Amino acid sequence: EDGFADAFAVDAATLMDGCELCAKVLFANGYALMMLPMVSLYQWCAKSQCKDPVAYANATVWKARACVSEGLVTEACGMLFDLHSGWALPDVLPLPQRPPEGTQGLAIKETRSFNMLQDPASENNLGVLQAVVDLTVASGLKSLYPPTINHLLVLCRIELLIKVTGAQPMWPHPYEPLAALCVHTESIIDTLRQSLADIAAAQVPVTPVNSEASLRPPPAEGDDVPSPTAAKLNGYTRLALSVVAQCHLYSVRLLQKQGLYTTALLKLDDLMQLLQLHGHGHVGGGDALQAFAEKGRDMRQHTHPLLWLECRRMRTELLFLQARWGQLKQDAARALQDMADFNEQLLARDVMTRLVLCDIHLGQDDLSVSTLEEMIGKALMLHQEDVRLALLLSVLADVHTHKANLSAADAALQHAERVVQECLAARGVPQSNSLYMDEVGVLIKIKMR
C-alpha cells in the first residue's frame, strides 16, 4: 500500500522538512551515524515523491558531510562527484522532452573511487583527492543550486580534505604530495571566507526615503531626484555569518595541529568579536529593543548558538594546552554559564573534563573521581554512548591507576573498549581498521593502556 496516496495522511514535503531538521540537530550534536537513515529517507522523498532536485541535492550534501564525519571517505567522495556533475538528480522532464541518450544534457558519472584501506598517497587515492580539490559545479547547476547548497558543497570538500590529510598528528602532512593538498585546503578555506567577507563589506546604495516622501507622486521629468548615497554596508546574513564562523573554526583547528596555540587563540578571539559585532545587526532600535528586552541585545539570539558555544569550548581547550590554569578556570566558568542557558550538555561535558584534568594536574584530585563518575552516569542515562563516553572512561581509568585502584581502572577500560567496538560495529563495514575513523585511534589508545 502506498503510504503517500492520501496527502492528508502523509505529506511528503512535511516529512522532508522533519527529516532535514532532525538530521541537522543530530549532526550538530555529533551523531552523524544516527542521521544517515534520516537523510536517506529525505533523499528518497525528494527523488521519488516530490522530484525536487534542490531538496535532493540538499539531502545528499548533508549525507556526504555525515559520511566524512564518520570516516566513510569513499562514499563521501562519490556523493561529491555526483552533486558537482548533477548525476542522479531527479529528472523533472517528461519522457518526450528528454534528450536522446548519448547526446546532450546527460551528466558524466565519476567512476574513480577512494580506497580507505590504501595509503592516501597512492596513485589512485591521490588522483581522487586532486579531483576533489579541482571540483567545480557544472554550468547548468549554478543557477539551480541556491547559495546554501553551494556553501555546503565547499564546506564538505574542506572537511573531506582535512579528514584525509589531517589523519596524521602533524600539519601540513610530511609527505610532499599530501602537503600540497594541505596548502590547497587552506586556500579553499581562505577563499570562501574572504568572498563572504567582501560581500558583507560591500556598500549598498541607499536613497533616503521617509513616510511623507513615500506618499508623494513620482517625480516628473526635469525634477530634481535625490541621488543615492553609498552609506550602508551590505552586512552578513545569518547563512554567511555561519559559514564564515565555520571557516574560522577550521583554521583554528589547523593552527592547533601545528602547535601555534597563541595564534589560534588570537584568531578565535577575532571570530568571537565578529559574532558579537554582527550578531545584533538585524535588530531594530527603540520599540524592537524594548520588546526583546535584554535578549534583544544578546548576539546569541541572532546567530547560531552552537557556533558561539563551540568557540567557548575551543578556547578552553587551547588554554588547557597552554597550561594557563587560572585563565582556563575563568573561561570555563563563562562557557558553562552560556551552555547552561542553552541546556547544551555535550559541550559542557567536554569543558568539565578539561577542568577535571586541570585539577588532576594541579594535584587536586580528591573530587575528580566523583565528578567523572557523575558525568559518566548522566551520559549513560541519556544513552550517549559514543567515543566521547569512551574518552571519559579512559580518563577515569587513569585516575584510578594513579590512586593504585587497578581493579576499577581495568573495569573502566573494559567498558570503554566495549563502547568503541559497538560504535565500529554499528557502521556495518567489513573492516574497521581505517585510520579515518576516530574510534580506531581511540581503541588503540585504550588497548595500550
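## Charges over rings

A charge sits over a ring if NZ of Lys or CZ of Arg is within 6 Å of the ring centre and within 35 degrees of the ring normal. In this predicted model, Arg388 lies over the face of Tyr31, at 5.1 Å from the ring centre. Arg354 lies over the face of Phe320, at 5.9 Å from the ring centre.

## Aromatic pairs

The structure holds three aromatic pairs. One of them joins Phe27 and Trp62, edge-to-face, with 5.4 Å centre to centre and 80° between the planes. Phe27 belongs to helix 1 (residues 12–28) and Trp62 to helix 3 (residues 53–69), so this pair ties together parts that are 35 residues apart in sequence. Phe27 is buried at 18% relative accessible area. Trp62 is buried too, at 12%.

Phe320 and Trp325 are also edge-to-face, because their ring centres are 5.6 Å apart and their planes stand at 65°; the cut-off for this class is over 60. Trp325 counts as buried, with 18% relative accessibility.

## Nonpolar core

The largest nonpolar core has 128 residues. Which members touch the most others? They are Phe114, Tyr145 and Leu160. Beyond its neighbours within four places in sequence, Leu160 contacts Val68, Val73, Ala76, Cys77, Leu80 and Val132.

## A buried arginine

Arg315 sits in helix 13, which spans residues 305–321. Is Arg315 buried or exposed? Its relative accessible area is 15%, so Arg315 is buried; the cut-off is under 20%.

Which residues does Arg315 contact, leaving aside its neighbours within four places in sequence? They are Leu265, Leu268, Asp269, Gln327 and Asp331.

How values were computed:
Residues are numbered from 1 along each chain as its sequence is written. This is a predicted model: local features need pLDDT of at least 70, side-chain atom pairs count only at pLDDT 80 or more; totals for chains, interfaces and linings use all residues. Side-chain values use heavy atoms; hydrogens and water are left out. A nonpolar core is a set of buried Ala, Val, Leu, Ile, Met, Phe, Trp, Tyr and Cys residues joined through side-chain atoms within 4.5 Å. Buried means under 20% relative accessible area, exposed over 50%, partly exposed in between (1.4 Å probe, protein chains only). Contact means heavy atoms within 4.5 Å. Helices (H or I, at least four residues) and strands (E, at least two) are DSSP runs, numbered from the N terminus. Rings of Phe, Tyr and Trp (its six-membered ring) pair if their centres lie within 6.5 Å; planes under 30 degrees apart count as stacked, over 60 as edge-to-face and the rest as tilted.
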